[in-house]
Amino acid sequence: MAALLAWLAVYLSRSRREARRAASLFESQMRDMAAQQAQLEVMATDLEESNVALAAASREAAVSRDAAVASEERLHLLDQASAALASSLDYETTVAAVAHLAVPHFADWCSVELLVDGTLRQIALAHADPERVKWAKALASKYPVDVDAPTGAPQVIRTGQPSLVRDVTEEMLVAGARDEEHLRILREVGLYSVMIVPMAARGTTLGAMTLVSSRPTRRFTDQDLTVALELARRAAMAIDNARLYRAALVANEAKANFLATMSHELRTPLTAIIGYQELLAEGIPGKVNDVQRQQLGRIKVSASHLLSLIDEILLYARVEAGKESVRIEPVVAKGVIDDAIAFITPTATARGLTIEAEGVDPALLLSTDGGKLRQMLLNLLANAVKFTVRGGVTVRAFAQGPSVVFEVRDTGIGIKHEDLGRIFDPFWQVNQHTTREVGGSGLGLSVTQRLAHLLGGALSVDSVPLSGSTFRITLPRNGQPLA
Ligand code: ADP
């Protein structure tokens with residue numbers, strides 16, 4: 001029994017030890033678990049934070065993707081606007097096209113007001129819905145913009161400074177409305193965001209472009225304002241260029257009219273001078289001695305020279321004004337060449353130069369204005385003789401595809417490469433000193449070129465300084481303009 005008790009005591013004490021060990025193991029396991037739990041919680045918080053960061057990053061990515069798309073759209077708009085503005089000199093049409101390009105992707109409304117003779121004139125108004133445009137135009141005539149208004153387009157035009165109202169408030173509408181009905185209309189338009197940008201060119205503000213957002217989700221930003229400013233700048237430049245071009249046309253027409261009138265007025269007394277010179281030279285009023293005859297001869301040469309200059313100016317003015325008519329008829333190339341050569345030969349011979357036609361086929365025919373062809377050849381031959389000191393002048397003509405080419409080649413002073421582009425400009429001469437000695441109006445080549453165009457052809461030149469020049473008139477064989 002004692003042994004049993006002793007065994008029991010040993011057994012119990014061992015079990016207690018084991019129970020204590022188990023309890024301590026359990027406690028340590030519990031501590032580990034608690035530590036793991038804490039670690040898990042930390043990880044969960046980290047995870048949550050990374051999730052938040054990820055969401056923010058993907059939101060940012062979406063925003064920058066949207067921004068990239070928006071900026072690409074803005075660039076595209078500017079490109080399209082430039083193309084539209086460059087397509088024609090009729091600026092009212094091109095500016096209207098630009099206003100249409102701006103809606104509805106960039107703005108819901110786009111209008112352009114120009115300052116014309118102290119008043120504002122709307123030259124473009126665009127909205128995606130044409131019915132709304134009609135409605136707004138009717139309103140604009142009912143509530144015209146006062147050029148002296150302290151806000152809006154008039155203010156932008158006066159100051160040259162843009163205006164961006166990101167959020168249009170009810171108070172602003174109330175302040176801007178002229179009366180109750182106007183206020184109701186302004187509310188109906190739904191003005192949520194407005195940009196007004198000046199249209200300036202060469203330091204002058206020509207007008208203003210107004211862009212309106214009529215949806216609450218679109219508020220104009222600084223980037224939008226930058227695009228609007230660029231759009232308006234390009235439109236203003238196109239308007240300015242078109243206006244300058246129109247002014248140049250008017251000035252050119254005035255110049256052509258002046259030349260035509262003056263030349264006509266000069267021609268009349270000159271014809272009288274030549275007539276009386278001829279009467280005197282023929283001895284009709286009385287006998288003339290040799291000295292008088294010689295002097296009368298000089299009067300004749302100078303008067304005839306003056307007359308040919310005046311005729312050249314008159315012809316130039318007529319061609320410039322589009323008043324020169326064309327008479328197409330069958331023309332024998334050799335006949336016109338021989339005729340022109342015969343006319344110039346005395347001058348060429350007097351200068352010790354040869355002048356000849358080279359291998360022109362007598363059967364070479366073309367449909368053109370023979371008189372104008374003769375005039376062109378005379379101009380080129382006169383120049384060839386004038387600017388050649390030694391050697392001579394050769395004329396050729398030959399068929400080339402649908403054209404006939406007339407070539408006048410000389411062995412003269414030639415033309416420097418940098419001057420070749422300018423010799424066809426009216427009143428332009430390479431060397432004032434040389435030409436003052438040999439005479440000339442500076443109109444021969446420009447008239448010849450214009451006549452060649454009038455006959456549906458072209459005039460070109462090749463030249464080597466100190467070696468000579470070759471001028472070519474290319475005319476259509478059948479009288480139909482060459483492509
Ligand atoms: P111009 O009345 O002065 O001859 P043009 O228009 O016929 O006027 O010619 C313009 C200029 O081109 C001339 O002044 C001359 O400088 C140059 N030019 C024209 N033809 C020739 C040529 N065959 N050789 C050299 N220079 C020429």
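The side chains of Asp224 and Arg74 meet in a salt bridge, with 3.1 Å from N to O; the term stands for a side-chain nitrogen of Lys or Arg within 4 Å of a carboxyl oxygen of Asp or Glu. Side chains of opposite charge can pair when their charged atoms come close. Asp224 belongs to helix α7 (residues 222–281) and Arg74 to helix α1 (residues 2–86), so the pair ties together parts that are 150 residues apart in sequence. The structure holds 28 salt bridges. Helices (H or I, at least four residues) and strands (E, at least two) are DSSP runs, numbered from the N terminus.

The model is predicted: local features need pLDDT of at least 70, side-chain atom pairs count only at pLDDT 80 or more, and totals for chains, interfaces and linings use all residues. Residues are numbered from 1 along each chain as its sequence is written, and side-chain values use heavy atoms, with hydrogens and water left out.

The chain is divided into domain 1 (9–85), domain 2 (88–240), domain 3 (247–320) and domain 4 (329–476), with bounds from an automatic or database domain assignment. Taken over C-alpha atoms, the centres of domain 2 and domain 3 are separated by 59 Å.

Two backbone details come next. The peptide bond from Val103 to Pro104 is cis, with omega near 0°, and Pro104 lies in the loop between α2 (91–102) and β1 (109–116). Asp117 lies in the loop between β1 and β2 (119–127). Phi of Asp117 is near 50°, a positive value in a residue other than glycine.

Now to helix packing. Two packed helices are described by the angle between their axes and the distance between the axes. Axes are lines fitted to C-alpha atoms, for helices over the stretch in contact, and angles run from 0 to 180 degrees between N-to-C directions. Angles under 35 degrees count as roughly parallel, over 145 as roughly antiparallel, 65 to 115 as roughly perpendicular and the rest as oblique.

Helix α3 (residues 130–142) and helix α6 (residues 180–189) pack at about 155°, with their axes 13 Å apart. The two are therefore roughly antiparallel to each other. In contact, meaning heavy atoms within 4.5 Å, Arg132, Trp135, Leu139 and Lys142 in α3 meet Glu181, Ile185, Glu188 and Val189 in α6. These residues divide into four nonpolar, no polar and four charged, where Ala, Val, Leu, Ile, Met, Phe, Trp, Tyr, Cys and Pro count as nonpolar, Asp, Glu, Lys and Arg as charged, and the others, Gly among them, as polar.

Helix α13 (residues 444–454) packs with α10 (residues 370–386): their axes come within 10 Å and cross at roughly 150°. That makes α10 roughly antiparallel to α13. Lys372, Gln375, Met376, Asn379, Leu380 and Asn383 in α10 meet Gly444, Leu445, Val447, Thr448, Leu451, Ala452 and Leu454 in α13. By class, this contact has seven nonpolar, five polar and one charged residues.

Helix α8 (residues 290–320) also packs with α13, at an angle of about 40° and with the axes 10 Å apart. That makes α8 oblique to α13. From α8, Glu312, Leu315, Tyr316, Val319 and Glu320 meet Gly444, Ser446, Val447, Arg450 and Leu451 in α13. The contact of α8 with α13 has five nonpolar, two polar and three charged residues.
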